[in-house]
Protein chains: 2
Amino acid sequence: MSRVRVHNFSVSLDGFGTGEGLSLQEPFGHAGERLHTWFFPTETFRAQTGERERRDVDPATAPDDAFASQWGRGIGVEIMGAGKYGPPGWQDDPDWRGWWGEEPPFHTPVIVLTHRPRDPLTLGETTFHFRDASPEDALAEARQLAGDLDVHIGGGPSMLRDYLAAGLVDHAHIAVVPILLGRGVRLWDGLEALEARYDVAAITTPSGTTHLTLERKRP
Amino acid sequence: MSRVRVHNFSVSLDGFGTGEGLSLQEPFGHAGERLHTWFFPTETFRAQTGERERRDVDPATAPDDAFASQWGRGIGVEIMGAGKYGPPGWQDDPDWRGWWGEEPPFHTPVIVLTHRPRDPLTLGETTFHFRDASPEDALAEARQLAGDLDVHIGGGPSMLRDYLAAGLVDHAHIAVVPILLGRGVRLWDGLEALEARYDVAAITTPSGTTHLTLERKRP
């Protein structure tokens, strides 16, 4: 059966997965780009945005890229929360087509969880399906769309927390960035003793990022 | 001038420095010993409790001990919160003499912050002074007691947070343990952007503990 995976989800040291004050101009609110500075210089991100052709990749980012590059491999569908698809209020804008331009980096079907579904939208190789569904129901549909491939849980923090709390995640890679955001949306709330259900490993890379992996224990 | 240092302060991944339900039987509440399992097998802790003579130290704990062993070196005084000195309500027990028996591991003066001061207590090489004082005033007295030596901020999480928020800490070693306590007292609250004032470094040891060091930036 396909696995449910999380990759490259960044949180601050105080556990915030996004900042406060999300908007079109500030997709991560007051966090700005600080949660993702480890990710941007990696070969994976450069290749995704085409920047790799313009600039060399710093070899010192290889340890971070070892994690970053696992995103996308074997993934057949993504489920994301409404807060990842657009800024607050995007549901009121029928022309909103996501942050990613005409060729989004997913290249698979994407289920967007929203209480206000709309018609599907195809951009390049990505088709967005909008669903008002429980984590379980969205996952059931995602598995069908994914075929033999895996399901990626894309965040933001609220929907990822829901999936973790519901015991639906097989593998999670969380990047802990040594900054204190102080406010925003916390990932870890309500997940007491989650570690009992996972084998947890951690390593800190030269960028100062601590990459946590949670692999669900075999029954 | 003497420096103000923090060593071996453990927090969970979700930022709790102690659990919920602290009592005489459970000094760390529902956290139990889980925040300190990295510390107990170290040579430093074994020597402190005399266990080193009874059992060999596991060489695999050397990376953790590299951090643990910095506690005590050059420390002339400790400041601790009321919650570290005893279980809730110890102020009502005139016979309470701390957790540490007749030879506490401090071997220096200790200032205990409490709204209900009592007479000083000397146990072995340690003298406890009880003060109802602000972080700044307690630190001023501590510096006098420490002479040329440094001041150790011993926690718990509330008083450590106060000292960090007041900008009074020069060096902090925080051990992040990969467990989710879910409840208790958080260390990081109200410390937004603390990293701007510190050089922050991190390393994960084989025990899975991520040792963070915060060194105050030179002006």
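Analyst: Strands are DSSP runs of E with at least two residues, helices are runs of H or I with at least four residues, and both are numbered from the N terminus. Two strands pair if DSSP finds at least two bridges between them. Residues are numbered from 1 along each chain as its sequence is written, while chains are lettered from A and ligands numbered from 1 in the order in which they are written. This is a predicted model, in which local features need pLDDT of at least 70, side-chain atom pairs count only at pLDDT 80 or more, and totals for chains, interfaces and linings use all residues.

User: How confident is the predictor, and what pLDDT does chain A average?

Analyst: The pLDDT is the predictor's confidence in each residue, from 0 to 100. Where it is low, the predicted coordinates should not be read in detail. Chain A averages 95, and 98% of the residues score at least 70. For the complex, the predictor gives an ipTM of 0.91 and a pTM of 0.94.

User: Which residue stands opposite A:Val77 in β7(A)?

Analyst: In a regular strand the side chains alternate between the two faces of the sheet. Here A:Val77 stands opposite A:Val151. Strand β3 (residues 75–81) of chain A runs parallel to β7(A) and is joined to it by four bridges. Strand β1 (residues 4–12) of chain A also pairs with β7 (residues 150–153) in the parallel sense, over two bridges.

User: Which residues of the largest nonpolar core touch the most other members?

Analyst: In soluble globular proteins, nonpolar side chains tend to be buried together. A nonpolar core is a set of buried Ala, Val, Leu, Ile, Met, Phe, Trp, Tyr and Cys residues joined through C-beta atoms within 7 Å. A residue is buried if 20 or more other C-beta atoms lie within 10 Å of its own, exposed if 12 or fewer, and partly exposed in between, with C-beta atoms placed from the backbone. In the largest core, of 108 residues, A:Ile79 and B:Ile79 touch the most other members. Two residues are in contact if their C-beta atoms, placed from the backbone, lie within 7 Å. Neighbours within four places in sequence aside, the contacts of B:Ile79 include B:Ile111, B:Leu113, B:Val151 and B:Ile153.

User: Is A:Pro120 buried or exposed?

Analyst: A:Pro120 is exposed, because 12 other C-beta atoms lie within 10 Å. Its place is the loop between β4 (109–113) and β5 (121–123) of chain A. Leaving aside neighbours within four places in sequence, A:Pro120 is in contact with A:Thr127, A:Phe128 and A:His129.

User: What rotation superposes chain B on chain A?

Analyst: Two copies of a chain are related by a rotation about an axis and a shift along it. Copies are superposed by least squares on the C-alpha atoms of residues with pLDDT of at least 70 in both. Here the rotation is 180 degrees, with 0.0 Å of shift along its axis and an RMSD of 0.0 Å. That is the relation of a two-fold axis. Of the residues of chain B, B:Thr204 comes closest to the axis, at 2.7 Å (C-alpha).
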